[in-house]
Amino acid sequence: VKNAFGNVAVSGVTGRIDLANESGEVRVEGCGGELRLANSFGAVRVTNFKGPADLHNESGEVRAENIAGRTDIHNSFNDVHFAKIGGPLAVTSESAGVAGTDVSGDCRISASFKSIDVRGVSGKLDVRGESSAVTIDNVGKDAVIESTFNPVKATNIKGGLRITSQSAAVTADAIEGDAWIKSSFQTITVSHVKGRLTVEGDSSSVDIRDIEGDASVKSSFNAVTAAGIGGALEVTSQSAKVIAADVKKNATITTSFNGVEARRIGGSLKVKGESASVLAEDIGGAIDIKNSFNNVVLRQTSGSITVTGESSSVDVEQVKALPPGSVIDIKTSFNPIRVTLPPNTEIQGTARSEFGRIRSDFPVFLTDSTDRGAQSVSFGGGKSGVTIKLEGSADITIKKQ
């Protein structure tokens, strides 16, 4: 059929169907075989078609429902709706929204400037949306999303997930594979990932929770929160507060000009904080802290402690365990060092203050100092137990808890 300036309706036809229409509506119902349809400036609706369908509609809406075969849709300036596609689906739309459900195969969507909403894809899903809000749910295999300037939400992905966005909020939940997410200037929220998670957020606040594998976050200028990490955690941030909790393995955190809080870390903890305060509680392994101009507070630790601070006060409290051979090495300036240890701890080593006083509940031996005004003491004389090395320019206190 070739037609213009009128409507076309086809029903109950089985075989090859080739429709060319202009400036009218086209409707195909209850047909089968192979469909090729080209239209413009009017709505297209295809329902209950048994076979592949190729639909082109310039400046017109497209609705495709219950298509039992491969489906290709091209249109512009009006929305695309689809449901119950029995094979692979490809949609290319310009300046139009795309929404649909139930695709039995891979699905590829390319659209711009309006929302994309796809739910229930048995195969892979690939979405390209320029300035489009994107929502996807219940994807049977991997999902890939590229979008800009509008929110992205991905849930219930049976494979892996990859999101590349710009200036957009991103939400991802229930991902059974690995997840890789990149965005900027808006919040990134990720939860319930069974694989590894990688997040890159330029000037984004980041919140990740319940990640079974390792997690890596790179961000700047906004807070990073990580909780319930089944593997190791690595956070590299700038001018941002970082909160980490319930990490089963090691945690490594780098930030500046804001605080770091780490709680219930199963492995070791390493923090590099420029002009950043550090609070660490219930750490299962060794601790290595480098910071400046803000306090360091360590509680309920279970391994060796190394702190290198500049103009930072350092407090070690409520130590849970110090295995034999552990080392407490703390060096700072212009602020006090306070260390509280279990009363039966066997210690050895030294403490030295350039300008302050040294107070100790443990026996000490005075040590001659070549620097006028400096005070130095040593602990113990054996080679077993815990080795202490404390060095600062203000008061140093060693207490029994």
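A search of the whole structure finds zero aromatic pairs, a pair being two rings of Phe, Tyr or Trp (its six-membered ring) with centres within 6.5 Å, called stacked if the planes are under 30 degrees apart, edge-to-face if over 60 and tilted otherwise. The structure is a predicted model, in which local features need pLDDT of at least 70 and side-chain atom pairs count only at pLDDT 80 or more, while totals for chains, interfaces and linings use all residues. Residues are numbered from 1 along each chain as its sequence is written, and side-chain values use heavy atoms, with hydrogens and water left out.

Aromatic rings do take part in another kind of arrangement, in which a charge sits over a ring (NZ of Lys or CZ of Arg within 6 Å of the ring centre and within 35 degrees of the ring normal). Arg162 lies over the face of Trp180, 3.9 Å from the ring centre. Lys400 is placed over the face of Phe362, at 5.2 Å from the centre of that ring.

The strands come next; strands (E, at least two residues) and helices (H or I, at least four) are DSSP runs numbered from the N terminus. Strand 20, residues 179-184, has five of its six residues buried, where buried means under 20% relative accessible area, exposed over 50% and partly exposed in between, with a 1.4 Å probe and protein chains only. Strands pair if DSSP finds at least two bridges between them. Strand 18 (residues 161-164) runs parallel to strand 20 and is joined to it by four bridges, with Thr164 opposite Lys182. Strand 20 also pairs in the parallel sense with strand 22 (residues 197-202), over six bridges, and here Ser183 stands opposite Gly201.

Ser219 counts as buried because its relative accessibility is 8%. Its side chain makes polar contacts (N or O atoms within 3.5 Å; within protein, one able to donate a hydrogen and the other to accept it, with residues adjacent in sequence counted only if both atoms are side-chain atoms). One reaches the backbone oxygen of Gly201 at 2.9 Å, and another spans 2.7 Å to the backbone oxygen of Ser204.

Ile175, in strand 19 (residues 170-175), is buried, with a relative accessible area of 1%. Setting aside residues up to four places away in sequence, Ile175 has contacts with residues including Ala154, Ile157, Leu161 and Val193, a contact being heavy atoms within 4.5 Å.

In soluble globular proteins, nonpolar side chains tend to be buried together. The largest nonpolar core has 102 residues, of which Ile136, Val190, Ile208, Leu233, Leu341 and Leu390 touch the most other members; such a core is a set of buried Ala, Val, Leu, Ile, Met, Phe, Trp, Tyr and Cys residues joined through side-chain atoms within 4.5 Å. Beyond four places in sequence, Leu390 touches Ile328, Ile330 and Val339, among others.

Two loop residues complete the account. Asn21, between strand 2 (14-20) and strand 3 (26-29), counts as buried because its relative accessibility is 7%. The side chains of Asn21 and Asn39 are joined by a polar contact of 3.1 Å. Phe77 lies in the loop between strand 8 (71-76) and strand 9 (80-85), and is partly exposed because its relative accessible area is 47%. Apart from neighbours within four places in sequence, Phe77 is in contact with Ser59, Glu94, Ser95 and Ala96.
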